[in-house]
Amino acid sequence: MADRQVIAPTLRTREQIEKDLRRGVPMHVAPGAAADRPQRKPEWLKVRVQQGENFTELRNIMRERGLATVCEQAACPNIYECWEAREATFLACGDLCTRRCGFCDVMTAKPQGLDPEEPAKIAEAVRLMGLKFAVITGVARDDQDDAASGHWAQIIHAVRAQMPDCGIEVLIPDFKGRKEHPRVSLERVIHARPDVLAHNLETVRRLHPQIRPGFGYEASLELLKWSKELRSDQVTKSNLIVGMGETEEELRASMRDLKEVGCDVLTIGQYLQPSVSWHLPVDRWVHPDEFARLKSYGEEELGMAWVESGPLVRSSYHAGKQFRSAAARLASA
């Protein structure tokens with residue numbers, strides 16, 4: 001199990017891995033094996049296991065057919081609630097990322113080619129699970145000329161064909177491919193008409209270069225802005241992770257930046273360190289009162305359509321509810 005903490009295949013050296021990476025935090029700046037143990041979690045971060053009928057049925061479907069979701073792989077604390085609501089999140093474009101962010105537990109390495117059958121596989125899983133809302137997230141694929149945007153579009157079309165009434169949210173990277181301009185790649189996905197187009201900012205301007213260097217703060221904001229320019233009624237969404245060294249005022253500044261580019265929905269949640277040796281340490285446990293203040297600021301002062309803010313919130317939490325509320329609010333605006 002110890003090898004699971006290393007975010008790279010064990011058969012390759014760190015030098016080989018770093019050579020293959022396109023962008024990201026160098027592995028030599030990770031905390032290392034001598035890092036301090038994480039702080040004890042407060043009571044509000046403890047989750048009670050509640051396995052209802054829907055959860056049990058979905059889990060059995062996944063086991064019988066050898067399917068997998070990010071919900072299970074990432075040990076999401078909200079899996080019981082989301083599966084009871086018939087919502088789930090899938091990982092697309094493989095499970096190896098060409099970038100390395102200081103908070104992320106996805107393995108970083110040079111990926112293999114895209115699986116041409118993956119769109120059909122995801123669509124089948126959505127149908128078998130009888131989902132009402134599906135979230136598809138994926139790794140960065142800088143090795144692809146179009147940053148895998150064509151693959152993303154195929155997934156949306158495949159799910160629509162299998163489950164026309166199922167809502168679809170895509171949580172995309174910034175599409176910095178080798179040849180194609182990211183706006184062209186984004187347009188391909190927008191034309192496939194997902195219900196929600198999500199791209200995560202993740203952290204505040206000051207910390208972005210250290211925590212998420214492969215993406216770029218302004219580049220992420222620009223992608224969300226382009227989404228509205230390409231399709232004015234496109235519901236857009238982003239995420240902020242707290243507890244990585246930011247201040248509340250910096251969070252509010254990032255919320256203003258997101259509102260300025262037309263971001264409709266925002267999720268805000270507590271950072272939980274995936275491993276001690278290879279990930280950024282937790283800077284602070286953010287109190288539920290601060291999360292409540294941020295939600296109020298985003299919805300009441302900035303006028304965002306929806307802000308989901310809480311210690312256990314993840315970007316796909318209550319995704320269907322977020323979309324329906326945001327769409328209704330935008331329609332009446």
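A residue counts as buried when its relative accessible area is under 20%, as exposed when over 50%, and as partly exposed in between (1.4 Å probe, protein chains only). The model is predicted, so local features need pLDDT of at least 70 and side-chain atom pairs 80 or more, while totals for chains, interfaces and linings use all residues. Residues are numbered from 1 along each chain as its sequence is written, and side-chain values use heavy atoms, without hydrogens and water.

Begin with the whole protein. Of its 333 residues, 54% count as buried. The secondary structure comes to twelve helices and eleven strands, which are DSSP runs numbered from the N terminus (helices H or I, at least four residues; strands E, at least two).

Next, select residues 319-331, helix α12. The helix has 13 residues and reaches 18 Å from first C-alpha to last, close to the 18 Å expected at 1.5 Å a residue (1.5 Å times one less than the number of residues). Now colour Ala 319, Gly 320, Gln 322, Phe 323 and Ala 326, which are buried in α12. They lie on the same side of α12 because they cover an arc of only 155° around the axis, taken from the directions from the helix axis to the C-beta atoms.

Then select helix α6 (residues 149-162) and helix α7 (residues 182-191), whose axes come within 8 Å and cross at roughly 5°. Axes are lines fitted to C-alpha atoms, for helices over the stretch in contact, and angles run from 0 to 180 degrees between N-to-C directions. The two helices α6 and α7 are therefore roughly parallel (angles under 35 degrees). Show Ser 149, Gly 150, Trp 152, Ala 153 and Ile 156 of α6 with Ser 185, Arg 188 and Val 189 of α7, which make the contact (heavy atoms within 4.5 Å).

Methods. Angles under 35 degrees count as roughly parallel, over 145 as roughly antiparallel, 65 to 115 as roughly perpendicular and the rest as oblique.
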